[in-house]
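Here are some notes for someone opening this entry for the first time. Please read them with the model on screen.

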Amino acid sequence: MAEKIFAGVSVTVTDEGYLTIPSQWTKEIAIEIAKEEGLTLTDKHFAVIEYLRERVLKGEALTIRSIGKSGVVDTKGFYELFPGAPLKKATKIAGVAKPVSCV
Amino acid sequence: MNKIVILGAGTGGTIMANRLYKSLSKKDWEITIIDNDPIHYYQPGFLFIPFGTYKKKDVLKPKADFIPKGVKFVLNKIDRIDPKTNNVFLDGGDVISYDYLIITTGTHIKPDETPGLMDSLWRKKIFDFYTLEGSLALHEFFKTWQGGTLVSSIAEMPFKCPVAPLEFVFLADEYFTKRGIRDKVKIIYTTPLSGAFTKPKCTLVLGDLLKEKNIEVVTDFYIERIDNDTQTIHSFDGREVKFDVLSFVPVNMGADFISKSGLGDDLNYIPTNKFTLQSEQFENIFILGDTSNIPTSKAGAVVHFASEILTENMLSIFKGETPKAQFDGHANCFIETGFGKAALIDFNYDVEPLRGAFPIPILGPMKLLKPTRINHFGKLAFRWIYWNILLKGRDLPVSTNMSMKGKIVD
């Protein structure tokens, strides 16, 4: 756990840089986290981010599969928006916990 | 007369039929179990079939042999359930009503969810070992194969028996070594995970073993499609892996009637209270095993532990009490690592697999998270235990909830 300043606001993050309090998140913070990930956010990114936040705040678990079937973005598009590890990157930028894969 | 209906006569359903039948008065309770397949498959045995260790006859027995005579066994397909009127609708129009329902219909492979999986090479050069037909077909292929690239891939998380594809590549390494062609066989393991396994300590141990056995691991590989013409699998991020033979774990999903009944998530798993094993939606419905969405392994050993908790909770509810027993997600799995050795992992919702001795501290005789011969004999002995103790709902000499005894915490 650590304090980090994004867009002039101090937030708490995990060792891997995920916000621990989703309500501290703002669009400005998202833009700065995205920069650290080498991404410039567009409206398409924000549509996905807002969808992810909505689902997490409802207590739902996220999977790439369910996001790809959501109608907000397809799996291919999700990879294009957040290249490499889309779920890990997108949740970090969305200010929610890193999804755990359970066995 | 109170009616209990159990959907699915696999590991979970059979155990529950035995446990409840023993615990309840015959004159007040009627138990019905419904399944569309008369055969009980010893699914852990499918892994050994491609390598000729087990034959078809080693993994089959009639389901009826394991269901108590006083339990009504209905052989039919479930069309849907209506949880508001407490009715189960079967193919052909039969309706069975219940007071309490247990859904334990498991998880099954859905090869048609992956584009290209069931094209021209299906069961010719592309196989699954999660069905008897698939593992038998792969055995026929392996017998005459002279080498090339063997790729073992996982389509989607979660899937049944999360260690099985790892065991598969370990056993393949042994099989081709013994056939004297290991130098002609390249083995590649692809996974959508970022490592060999989900839990950190176990991933390290298994990662080292894979390296030692010269098995290449491709991580974060989320499969988009399979190209049968070029014999390549493609990931969503544009990578590709070529294969001469592909052993594939297709997308796993719960039974179709679950979505038809409006009970499941996007993979047809039913939202379940992970402690009490009650449905999140309906108080008189209980979910056991792979059918549930609880965050632990989809495996028979888990179902066995969970069945003890579920029995206790159902008996409490029948007495008008609130269910008190809490499942901890206990999983206990042998991992075959080849050449007559196996590792053992024991973990739950909160504790990842650790090193140590099992079940008795220091003495073991089994060792956790380390390949040993005695663990391998444990795995082979499990088949006898499965048919003779586990399915019949008898207790195993292992605690229901996980014990920290013998575990080493770093």
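**Notes on chain B**

1. B:Asn18 is buried, at a relative accessible area of 11%. Buried here means under 20% relative accessible area, exposed means over 50%, and partly exposed lies in between (1.4 Å probe, protein chains only). B:Asn18 belongs to helix H1 (residues 11-23) of chain B. Helices (H or I, at least four residues) and strands (E, at least two) are DSSP runs numbered from the N terminus. A polar atom of the B:Asn18 side chain lies 3.0 Å from the backbone oxygen of B:Leu391. Beyond neighbours within four places in sequence, B:Asn18 is in contact (heavy atoms within 4.5 Å) with B:Phe66, B:Pro68, B:Leu391, B:Lys392 and B:Gly393.

2. On the basis of these notes: this is a predicted model, in which local features need pLDDT of at least 70 and side-chain atom pairs count only at pLDDT 80 or more, while totals for chains, interfaces and linings use all residues. Residues are numbered from 1 along each chain as its sequence is written, chains are lettered from A and ligands numbered from 1 in the order in which they are written, and side-chain values use heavy atoms, with hydrogens and water left out.

3. One of the pairs is B:Phe51 with B:Phe168, which is tilted, with 5.3 Å centre to centre and 45 degrees between the planes. This pair links distant parts of the chain, 117 residues apart: B:Phe51 is in the loop between strand S3 (39-41) and strand S4 (60-62) of chain B, and B:Phe168 is in helix H3 (residues 164-178) of chain B. Both B:Phe51 and B:Phe168 are buried.

4. B:Phe327 and B:Tyr349 make an edge-to-face pair, 6.1 Å centre to centre, with 80 degrees between the planes. B:Phe327 is buried at 1% relative accessible area, and B:Tyr349 also counts as buried, at 14%.

5. One aromatic cluster includes B:Phe51, B:Phe127, B:Trp145, B:Phe168 and B:Tyr175.

6. Two charged side chains sit over rings, meaning that NZ of Lys or CZ of Arg is within 6 Å of the ring centre and within 35 degrees of the ring normal. The charged end of B:Lys298 is 3.9 Å from the ring centre of B:Tyr269. For B:Arg383 over B:Tyr54, the distance is 4.5 Å.

7. Strands S15-S16-S17 of chain B form, in that order, an open antiparallel sheet. Strand S15 (223-227) and strand S17 (240-242) are at the edges with a single partner strand each, so one side of each has no neighbour in the sheet. Two strands pair if DSSP finds at least two bridges between them; S15(B) and strand S16 (residues 232-235) have 4. B:Ile223 has B:Ser235 in S16(B) as its bridge partner.

8. Is strand S12 (residues 148-154) of chain B enclosed or exposed? Strand S12 is largely enclosed by the rest of the structure, because 7 of its 7 residues are buried. S12(B) runs parallel to strand S13 (residues 185-190) of chain B, joined by 6 bridges. Within S13(B), B:Thr190 stands opposite B:Ser153.

Conventions:
Phe/Tyr/Trp six-rings, centres within 6.5 Å; stacked < 30°, edge-to-face > 60°. Polar contact = N/O pair within 3.5 Å; in protein donor to acceptor, adjacent residues only side chain to side chain.
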